Amino acid sequence: MSESSLFSPVYLGDQHLENRIALPPLTRSRANPDGTATALMREYYAQRSGAGLVIAEGTVVSPQASAYANVPGLFNKEQVMAWRPVVEAAKRDGNAVYCQLWHVGRQSHSSVQPDGQPPFGPSAIPIKGFTYRSTDGRIPYETPRELTQDGIHEIVQAFGSAAANARDAGFDGVELHAANGYLIEQFLDDGINQRTDEYGGSLENRLRFLFEVLNAVIKHIPANRVGIRFSPSSDWMDAIDSDKRTLFSTVIQRLNSYSLAYLHLVEPGISGATNSSQAPDATPTKELASLFNGTVIATGGHTKESAEELISSGVVDLVGFGRKFIANPDLPERFRQNAPLAELAPHGLYSGGEHGYTDYPALDSCPS
Ligand SMILES: Cc1cc2nc3c(=O)[nH]c(=O)nc-3n(C[C@H](O)[C@H](O)[C@H](O)COP(=O)(O)O)c2cc1C
């Protein structure tokens with residue numbers, strides 16, 4: 001028996017998990033062009049079903065919500081049907097499978113918008129200092145269209161419908177993607193949201209979109225099956241706010257009245273999908289986690305040892321492993337056996353069929 005705190009059981013909402021290892025959401029761009037999940041995704045998630053909590057990759061709530069080809073969606077019946085066998089494969093006794101609901105907002109591009117126009121954001125402020133990964137290479141981000149209030153209401157409804165679809169596809173719950181400078185965070189940050197109506201200006205107003213989305217989602221899924229993800233110390237994709245500490249402390253405390261399944265925090269020092277130098281004004285996970293009256297997950301740069309330390313010291317309840325889980329489909333088993341870990345290959349992260357996706361070997365198939 002392992003003494004590791006990672007292998008002590010835990011409740012997530014009303015679900016009993018056998019371990020505290022999470023597969024965080026990881027975009028891998030292996031869906032069909034119409035956003036339906038594939039047999040290859042089924043194999044990938046089955047390989048990683050040893051995680052106590054599997055959070056499926058960012059899944060768009062509408063055609064407008066997407067930035068890239070081959071990301072899955074949950075806005076029509078075909079997508080629901082296609083997810084079902086994938087979700088089933090990701091489930092084994094004693095684990096939970098959630099789906100991350102995603103709208104990229106201004107991180108999209110006219111070349112992938114259904115009407116061929118620039119993407120939508122809270123305000124007509126483009127992303128500076130980053131470039132869009134188009135099929136023809138890196139290009140500057142466009143100035144987004146400022147969302148009308150009708151446009152905002154449509155997106156709120158789209159999140160609600162996607163949550164209902166996630167439930168119908170067999171997911172145990174959903175995670176709202178409010179991290180990494182995507183649409184929900186774009187409304188939160190005062191460097192991005194410069195609206196003068198009730199969705200912008202004061203902190204109260206900037207929180208409105210998030211809580212409208214949350215309220216729409218919990219009409220379809222109980223709050224104890226809904227998680228939310230923030231990256232409170234990251235300015236990736238020009239996600240600038242004048243006071244992130246106050247912003248995220250306030251929003252986290254406000255969430256306490258919902259009895260959500262979990263709060264998922266991306267660690268300081270992680271910038272989008274990679275490591276970065278930690279900002280001097282980063283808010284420690286410990287500080288924010290202590291404000292939340294429920295289950296907390298931390299992800300970003302963790303090893304088995306750092307995760308055990310974080311859990312046994314009571315800072316968080318589960319730890320996510322992203323890049324390690326990509327390269328080690330049986331990561332929990334490797335942790336249990338203290339077996340060596342495979343390294344992440346430089347290819348296949350965001351495209352490439354099975355190569356760099358489902359062809360990382362499990363321990364029992366490695367040559368001894
Ligand atoms: C290939 C790749 C795709 C990612 N896709 C998503 C995503 O869809 N949603 C999200 O919130 N984070 C995404 N991330 C960020 C990871 O969830 C995680 O926060 C990050 O990799 C840091 O954790 P790690 O150090 O354990 O890898 C992605 C990261 C990688 C490497």
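Mentor: A residue is buried when its relative accessible area is under 20%, exposed when over 50%, and partly exposed in between, with a 1.4 Å probe and protein chains only. This is a predicted model, in which local features need pLDDT of at least 70, side-chain atom pairs count only at pLDDT 80 or more, and totals for chains, interfaces and linings use all residues. Residues are numbered from 1 along each chain as its sequence is written, and side-chain values use heavy atoms, leaving out hydrogens and water.

Trainee: Is Gly 105 buried or exposed?

Mentor: Gly 105 is found in the loop between β5 (96-102) and β6 (120-121); strands are DSSP runs (E, at least two residues), numbered from the N terminus. Because its relative accessibility is 1%, Gly 105 counts as buried.

Trainee: How far apart are the C-alpha atoms of Gly 105 and Gly 200?

Mentor: Along the chain, Gly 105 and Gly 200 are 95 residues apart. The separation of their C-alpha atoms is 16 Å.

Trainee: Which residue has a polar side-chain atom 2.6 Å from an oxygen atom of the ligand?

Mentor: A polar contact is a pair of N or O atoms within 3.5 Å. A backbone N or O atom of Gly 301 lies 2.6 Å from a ligand oxygen, and one of Gly 58 lies 3.3 Å from a ligand oxygen. The side-chain atom at 2.6 Å belongs to Thr 27.

Trainee: How many charged residues does the shell around the ligand have?

Mentor: Asp, Glu, Lys and Arg count as charged. The shell has eight nonpolar and ten polar residues. Its charged residues number two.

How values were computed: Polar contact = N/O pair within 3.5 Å; in protein donor to acceptor, adjacent residues only side chain to side chain. Helix = DSSP H or I, 4+ residues; strand = E, 2+ residues; numbered from the N terminus.
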